[in-house]
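Welcome! Take a moment to look over the sequence and the 3D structure below, and then we can walk through them together.

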Amino acid sequence: MRGRLQKKSDTQQKKRVGAEKSMIRFRHTLRWRLTLFVFAVTITSGLLTVLLAIALVLLAPSTPWIASVIFNPTSFCLLLLVVCSIFGTLLSGVFGKYYLRPLKRLIDATNEVKKGNFKIQVEQIDRARTEMGQLIESFNEMVRELDSTELFRNDFINNFSHEFKTPIVSIRGFAKEMEIGGLDPDRQREYAHIIAEEADRLSKLSINILELSKLENQQIVTDKELFYLDEQLRQSILLHEPTWNAKNIEIIPELEEIKYYGNQELLFHVWNNLIGNAIKFTPECGTVTVRLTDAPDFVTVAVIDTGIGMSDEIKERIFEKFYQGDLSHHRVGNGIGLTMAHRAVTLAGGEITVESSPNLGSTFTVVLPK
């Protein structure tokens, strides 16, 4: 019995606490502020009207026209109604200016955003306790996101323009030299070779940008099938054989036999970029290890090189579009490959990370769920 009474008491206590919390939340809502606003205007205009009525009664004995109005109930009620309405309108204008001030600031800020000013921020007064405060907080966050997107867009346009402009200027310059004539056969072949290289670079850049655009707009991975992931990695290694043979780089494949269900084309972009970068940034007579390991819920692919490595600053930006930390290899890349690899791994539901130190090589690790 005592237990039931205690339980009932606890339940009542919880209800009281819940009611108190609800009241506190209600006090911070816009509805509460509007209710308080209407109440304040009504009471204030009513008091002013009563005071005016008392003044008229006191003035009635000495003022005949006031007395005629007061002693006529219809005229007196109509007068008080008009006066009360006037007081209410004036007070609404005065109080409304105070209560609607945050909304006015928000409207002004919205007009600034419409003009393209994404630096604007609305001052937060009530710390987001009311609906208006939450609206201002959401507006400020939205503008910050727009500003970030605008910066990214401008940076993308500048980098994109630069990547296209550089080979075009090079092609134009060497083509002009060949047009003028007077070149010896060796120099002419050299210029023709440079023009062909720059044309290939433009072609690859266009293809990569189209592929990246496709990946960025893709949300669902289709065309999945069961395939040997270790065999796909071997094919990617063999694809780069001319490059690592020319640099006398030792390739160490440590591949477990794993069947994986996924999109082959999508993942091939990842291995092609990671292995290609490892070979590109590894000096002659270095080593590149491609390791594939199995686990119950995921598979891990690690591409480890003994190359030049990278600093912490470069690691933070390595997956950004057009970013190239090592400018000495600028002519053999366009800064899109790792961005594509990152997007492809994300679409596959996996994660890609990098560990690196200057002159100590780099390790790119891809974890894919089964």
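Predicted model: local features only at pLDDT ≥ 70, side-chain atom pairs only at ≥ 80, totals over all residues.

## First look

Residues are numbered from 1 along each chain as its sequence is written, and side-chain values use heavy atoms, with hydrogens and water left out.

## The overall fold

The protein chain has twelve helices and seven strands. Helices (H or I, at least four residues) and strands (E, at least two) are DSSP runs, numbered from the N terminus. Of the 370 residues, 34% are buried; buried means under 20% relative accessible area, exposed over 50%, and partly exposed in between, with a 1.4 Å probe and protein chains only.

Contact means heavy atoms within 4.5 Å. Among the contacts with a separation of 6 or more, 70% join residues 24 or more positions apart.

## The nonpolar cores

In soluble globular proteins, nonpolar side chains tend to be buried together. A nonpolar core here is a set of buried Ala, Val, Leu, Ile, Met, Phe, Trp, Tyr and Cys residues joined through side-chain atoms within 4.5 Å. The largest one has 38 residues, and L229, V270, W271, L274, V366 and L368 touch the most other members. Several elements supply at least two residues each, including α8 (229-239), α12 (337-347) and β7 (362-369). The most comes from α10, with eight residues.

Look at V366: leaving aside neighbours within four places in sequence, its contacts include V270, W271, L274 and I352. In helix α8 you will find S236, which counts as buried at 0% relative accessibility. Again leaving aside neighbours within four places, S236 is in contact with F268, W271, N272 and I275.

## A hairpin to trace

β6 and β7 pair in the antiparallel sense over six bridges; two strands pair if DSSP finds at least two bridges between them. The bridge partner of E351 in β7 is V367. Five residues separate the two strands of this hairpin, and N359 in the turn has a positive phi of about 65 degrees.

## Aromatic pairs and cysteines

The structure holds three aromatic pairs. Rings of Phe, Tyr and Trp (its six-membered ring) pair if their centres lie within 6.5 Å; planes under 30 degrees apart count as stacked, over 60 as edge-to-face and the rest as tilted. One of the pairs is F174 with Y191, tilted at 4.8 Å centre to centre and 55 degrees between the planes. F174 is in helix α6 and Y191 in helix α7, so the pair ties together parts 17 residues apart in sequence. F174 is partly exposed at 22% relative accessibility, while Y191 is buried at 11%.

What about disulfides, pairs of cysteine sulfur atoms within 2.5 Å? A search of the whole structure finds zero. C84 counts as partly exposed at 27% relative accessibility, and C285 is exposed at 56%.

How values were computed:
Disulfide = S-S within 2.5 Å.
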